[in-house]
Number of protein chains: 2
Amino acid sequence: MDLSEVPTPALVLDRSRLDANTRFMAARATELDVRLRPHMKTAKSADVARVATAGQFGGITVSTLAEARYFLAHGFTDITYAVGLAPGRIDEALALVRNGAKLNVLTDSPAVAAALAGRAAATTLPRPLSVLIEIDCGDGRGGLQPDAPELTGLAGMLDAPKLQLAGVLTHAGHSYACRSRDEIAGIAEQERAAAVFAAGRLRAAGHACETVSVGSTPTATHAHELDGVSEMRPGVYMFGDLDQVGLGSLPLERLAVSVLASVIGVYPDRVLIDAGGLALSKDASAQRHGTDIGYGLVMNLQGELLPGAHVAKANQEHGIVKGVQQLAPGDRLRVLPNHVCMTAAAHPGYYVVEGGTQVTARWPRINGWEQWR
Amino acid sequence: MDLSEVPTPALVLDRSRLDANTRFMAARATELDVRLRPHMKTAKSADVARVATAGQFGGITVSTLAEARYFLAHGFTDITYAVGLAPGRIDEALALVRNGAKLNVLTDSPAVAAALAGRAAATTLPRPLSVLIEIDCGDGRGGLQPDAPELTGLAGMLDAPKLQLAGVLTHAGHSYACRSRDEIAGIAEQERAAAVFAAGRLRAAGHACETVSVGSTPTATHAHELDGVSEMRPGVYMFGDLDQVGLGSLPLERLAVSVLASVIGVYPDRVLIDAGGLALSKDASAQRHGTDIGYGLVMNLQGELLPGAHVAKANQEHGIVKGVQQLAPGDRLRVLPNHVCMTAAAHPGYYVVEGGTQVTARWPRINGWEQWR
């Protein structure tokens, strides 16, 4: 099958670029002397996870328990669920451990810790459920401040039967707001220092703290050193997107995912494509890096960038492309997304190519939250 | 089942508000003396379509051929696919006619018309494939200008075996950019006038033009009259969203869809919920109507608005809620979305309530484009 025959809109993954991106991050992990626990929230694919974990210790990060179940079923056992655990999901977490996962969950809440200790004590588990304490390194999303007095008390609550305090985890989400590599390197140091300081406090209070986990693609790319850190958890680096190009995480030529679209209307100043707000997402993040980005830059079917071409507007099923010429209805284009985590989530999987237009595989994704179970 | 037990994030549909919204639009259709062909692109649900078409002529509008197949399988035969037909989808359209649909497709392109005529002639159909010509009423998305010289030539190309020129269709998408009801009423008149003028030109050239189709929720709500129009195709009115409230399409109290979320973190100035950019969408459209809207206004579990509470930031699986107090992990909130067409698309279906928190039904949705067939 060729990309010219794939029903549109569809997600295309260039395997050769994925390989280059995973090689880059593997080299970074070696350089920084930390384990790489790739975050699968972007790719949501066991096939991609196999590429991203090749040569690594095998642990992964996930953003939903639906992902955790999926990856466990595909042979990935060492899983960190890096979103604060909702009390209503404790039984699901315990079920994953019963089914063979070495699961790490995350909290910063005494109420959740108490509920975890209570539920774990009342169940049979082949191994303890690991718990990480979330630290806020300046992002202002989740986590305790590194110097929060409650930190050691929370650790004490997790010193309970069938639980294991694994360590601390932080995420420098504020690295996405940076304007330069130096600024990102500064945030990376803030991220490292916050996690290492909190870990030191736990150890000083007599707690084990094996895991000191940091990570975002910008900080993993630009950190000068990660002394005292045990692992990093970048995710979007596998594919990249226009926002990451703007942040200097990778060059445009390494963007691995695009949305294949068909031209459905041709006008003097624009063409319409059948990829709109749903197929591309309405994420406008990359627009801050420059004009004429809109909802994505546009390539031809072969993956060559068309200079100046971009999706200027996105309605539900319509993309309005400006800056293209000499196209006819039925012609195909490929859109590089602003924020690939959002874009990919609308699609059931990837049509995999290796540099050209020949589809060599189809790789499914695990989307959503399994609400209908 | 009660909303307090539903796995989060999840989509909640308040049936009593859906009923009020569909009654409102049915009354508008009567008042304006046009047929109502509800656009199912927002709801994507046969259950909702049954409510929206009750008492109407039964025709519906769809935004994908996946929707067309789904609704046909659920007994809806009179279907308008209101997105310009991609040449690569002609065979799918013909298959729908063979399977019993009275399908109307849309184009403004001589190339597509020629391809349609060629493919239709070469196949056996129980009835002709209806074709509508798309007219641009000022939105600048798709369609011929109402006075375009090519209009009658295109109509002539559609006067072909097994095709039937059904009429003209236009969509005033630019009504979404309006700032007042009067301005929307002005766009509604522009929409009406464009479609009626184009229809008049076709009739003067000897073509039948049974269908004169207009529609958007803002223009359907605020139009003064629709003389010469045969049908309207609003869609988002069934649920409403914060953008439509800002546009004056309905009051906040009639918003029928919300995203149920659990609190996963509590901090002095914010709480975290497990509904982020994927569960809510990154559509920021309603933000232009006021401050403190963010990615949605926040209600309690019972559906009562919490004054000042809103999702200030949305990461992939995290929503940062500001303006709430006295919450604990595990508490539940409901978020009113900016743009419900985008938000709903991330979810497999609706947990239906009737004013309270008791779930009375689950209604599935038809998402995506069936790329994996």
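Helices (H or I, at least four residues) and strands (E, at least two) are DSSP runs, numbered from the N terminus. One such run is strand S1 (10–14) of chain B, and B:Pro9 lies in the segment before it. This is a predicted model, in which local features need pLDDT of at least 70, side-chain atom pairs count only at pLDDT 80 or more, and totals for chains, interfaces and linings use all residues. Residues are numbered from 1 along each chain as its sequence is written, while chains are lettered from A and ligands numbered from 1 in the order in which they are written.

**How the two chains are related**

- Two copies of a chain are related by a rotation about an axis and a shift along it.
- Here, a rotation of 180 degrees with 0.0 Å of shift along its axis superposes chain A on chain B, with an RMSD of 0.0 Å. The two copies are thus related as by a two-fold rotation axis.
- In chain A, the C-alpha of A:Lys282 is nearest the axis, at 2.8 Å.
- Copies are superposed by least squares on the C-alpha atoms of residues with pLDDT of at least 70 in both.

**Where the chains touch**

- Two residues are in contact if their C-beta atoms, placed from the backbone, lie within 7 Å.
- By that rule, 47 residues of chain A are in contact with 47 residues of chain B.
- Several elements of chain A each supply at least two residues of the side that touches chain B: strand S4 (78–84), H5, strand S10 (257–267), helix H10 (277–280) and helix H11 (340–344).
- S10(A) gives the most to that side, with four residues.
- Both copies use the same surface: 100% of the contact residues of chain A recur in chain B.

**Helix H3 of chain A**

- A residue is buried if 20 or more other C-beta atoms lie within 10 Å of its own, exposed if 12 or fewer, and partly exposed in between; C-beta atoms are placed from the backbone.
- Seven of the nine residues of helix H3 (residues 65–73) of chain A are buried, so this helix is largely enclosed by the rest of the structure.
- The buried residues of H3(A) are A:Leu65, A:Glu67, A:Ala68, A:Arg69, A:Tyr70, A:Phe71 and A:Leu72.
- Their cover includes H2, S3, S4, helix H4 (90–98) and strand S5 (102–107) of chain A.
- After H3(A) comes A:Gly75, with a positive phi near 95 degrees.

**Helix H4 of chain B**

- In helix H4 (residues 90–98) of chain B, the residues B:Ile90, B:Ala93, B:Leu94, B:Leu96 and B:Val97 are buried. They cover an arc of only 155 degrees around the axis, which puts them on the same side of H4(B).
- The arc is that of the directions from the helix axis to the C-beta atoms.
- These buried residues pack against helix H3 (65–73), strand S5 (102–107), helix H5 (110–121) and strand S6 (129–135) of chain B.
- B:Gly100 follows H4(B) and has a positive phi, near 110 degrees.

**Helix pairs**

- Axes are lines fitted to C-alpha atoms, for helices over the stretch in contact, and angles run from 0 to 180 degrees between N-to-C directions.
- Angles under 35 degrees count as roughly parallel, over 145 as roughly antiparallel, 65 to 115 as roughly perpendicular and the rest as oblique.
- The axes of H3(B) and H4(B) come within 11 Å and cross at roughly 10 degrees. That makes H3(B) roughly parallel to H4(B).
- B:Leu65, B:Ala68, B:Arg69 and B:Leu72 of H3(B) meet B:Glu92, B:Ala93 and B:Leu96 of H4(B).
- In chain A, helix H5 (residues 110–121) and helix H6 (residues 150–158) pack at an angle of about 10 degrees, with their axes 9 Å apart. H5(A) is therefore roughly parallel to H6(A).
- A:Pro110, A:Ala113, A:Ala114 and A:Ala117 of H5(A) make the contact with A:Leu154, A:Met157 and A:Leu158 of H6(A).

**Backbone details**

- The peptide bond from B:Thr8 to B:Pro9 is cis, with omega near -5 degrees.
- A cis peptide bond also joins A:Thr8 and A:Pro9, with omega about -5 degrees.
- A:Lys44 is not a glycine, yet its phi is positive, near 50 degrees. A:Lys44 counts as buried because it has 28 C-beta neighbours inside 10 Å.
- A:Gln326 is not a glycine either, and its phi is positive at about 55 degrees. With 6 C-beta neighbours inside 10 Å, A:Gln326 counts as exposed.
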